[in-house]
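The sequence and structure come first, and the description follows.

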Amino acid sequence: MKIGIVTDSNSGITQDQAEKLGIYVIPMPFMIDGQTYFEDIDLTQEQFYEKLNAGADISTSQPSPESVTGLWDRLLEEYDQLVHIPMSSGLSGSCQTAMMLAQDYEGKVFVVNNHRISVTQRQSALDAKMMAEQGKTGEEISRILYETRYDSSIYITVDTLKYLKKGGRITPAAAALGTLLRIKPVLTIQGEKLDAFAKARTMKQAKNIMLMAMKKDLEERFHDGDCRKTYLQIAHTANEEAASELKAELHEMYPEAPIHVDALSLSVACHIGPGSLAVACSKMLEG
């Protein structure tokens, strides 16, 4: 069977990279000052941050049902089955929409709700591609990705509370107090949603909290203290220098582990703003 792999631009996989990898990426739509843009089609990372910093009104949307089924229909002329990996259902409605649409495809499209976003979602797409090349069916690939949905971890620290306040994730009073006290919150994604994890007073302290939390996860959750069976990942919002420094620190802690660095997807970036830094991991598939 020929299996096609589909994800969305929240994975951080660009259209160019997707072409080289043999993966298909649906661009996420954004409304900016009343106009619709599509990530990595007519909206680059640089343009997004220019507009964000200029105070533009930015909101995210989910891909239209027609854009999803249109891609599926085209691909099913070439592939026997498709595995579709959208961003976590806890962060967007696009997963539920895709699951509903797939019901009309009678076992040809498998939508995976494995609670991934950004660099961990990217790894899921790469894992799916690898399994397809090994000869697994769409059903087998989607089952394995679902069964391993909690085998990843993300910690994020933000540079400003402005965007969390704007999105209603914290109250204006909490944002004002946090700004006054120069608090750098550390957030986490364990499964579906973005949740508060800890508070730090400096970016350095926040980074240490994230590294220690990741160390604990590797030892206690993934039973891989040396990080030989886990992919390490770093994501950032317009914060490349800090991401490079964090990569060097991670490499010192886990010299054997592969480390991937990428820009955080714009759907998350518009809720947390520039200057953020994230460390993540995804357990390697066994077998």
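## Nonpolar cores

In this predicted model, the largest nonpolar core has 31 residues, and Phe-30, Phe-48, Ile-58 and Ile-272 touch the most other members. A nonpolar core here is a set of buried Ala, Val, Leu, Ile, Met, Phe, Trp, Tyr and Cys residues joined through side-chain atoms within 4.5 Å. Buried means under 20% relative accessible area, exposed over 50%, and partly exposed in between, with a 1.4 Å probe and protein chains only. At least two residues of this core come from each of strand 3 (29-32), helix 2 (45-53), strand 8 (152-157), helix 7 (162-166), strand 9 (184-189), helix 11 (266-272) and strand 13 (277-283). Helix 11 gives the largest share, 5 residues. Helices (H or I, at least four residues) and strands (E, at least two) are DSSP runs numbered from the N terminus.

Leaving out residues up to four places away in sequence, Ile-272 touches Ile-156, Val-158, Thr-160, Tyr-163, Leu-164, Leu-187, Thr-237 and Leu-264; contact means heavy atoms within 4.5 Å. Another core, of 23 residues, lies apart and includes Val-186, Ala-206, Met-210 and Ile-259.

The model is predicted: local features need pLDDT of at least 70 and side-chain atom pairs pLDDT 80 or more, while totals for chains, interfaces and linings use all residues. Residues are numbered from 1 along each chain as its sequence is written, and side-chain values use heavy atoms, with hydrogens and water left out.

## Aromatic pairs

The whole structure holds 5 aromatic pairs. Rings of Phe, Tyr and Trp (its six-membered ring) pair if their centres lie within 6.5 Å; planes under 30 degrees apart count as stacked, over 60 as edge-to-face and the rest as tilted. Two of the pairs are tabulated.

| Pair | Geometry | Centre to centre | Between planes |
|---|---|---|---|
| Tyr-24 and Tyr-79 | edge-to-face | 5.9 Å | 75 degrees |
| Trp-72 and Tyr-105 | edge-to-face | 5.3 Å | 90 degrees |

Tyr-24 is in strand 2 (residues 24-26) and Tyr-79 in the loop between helix 3 (65-75) and strand 6 (81-85), so this pair ties together parts 55 residues apart in sequence. Tyr-24 is partly exposed at 23% relative accessibility, whereas Tyr-79 is buried at 10%. Trp-72 belongs to helix 3 and Tyr-105 to the loop between helix 4 (94-102) and strand 7 (109-111), so that pair links parts 33 residues apart in sequence. Trp-72 is buried at 0% relative accessibility, and Tyr-105 is buried at 14%. Phe-30, Phe-48 and Tyr-49 form one aromatic cluster.

## Helices 5 and 6

The axes of helix 5 (residues 118-133) and helix 6 (residues 138-147) come within 10 Å and cross at roughly 145 degrees. Axes are lines fitted to C-alpha atoms, for helices over the stretch in contact, with angles from 0 to 180 degrees between N-to-C directions. Ser-124, Asp-127, Ala-128, Met-131 and Ala-132 of helix 5 meet Ile-141, Ile-144 and Leu-145 of helix 6.

## Single positions

Ser-118, in helix 5, has a positive phi near 55 degrees without being a glycine, and is buried at 3% relative accessibility. His-223 also has a positive phi, about 50 degrees. His-223 sits in the loop between helix 9 (203-221) and strand 11 (230-236) and is exposed at 65% relative accessibility.
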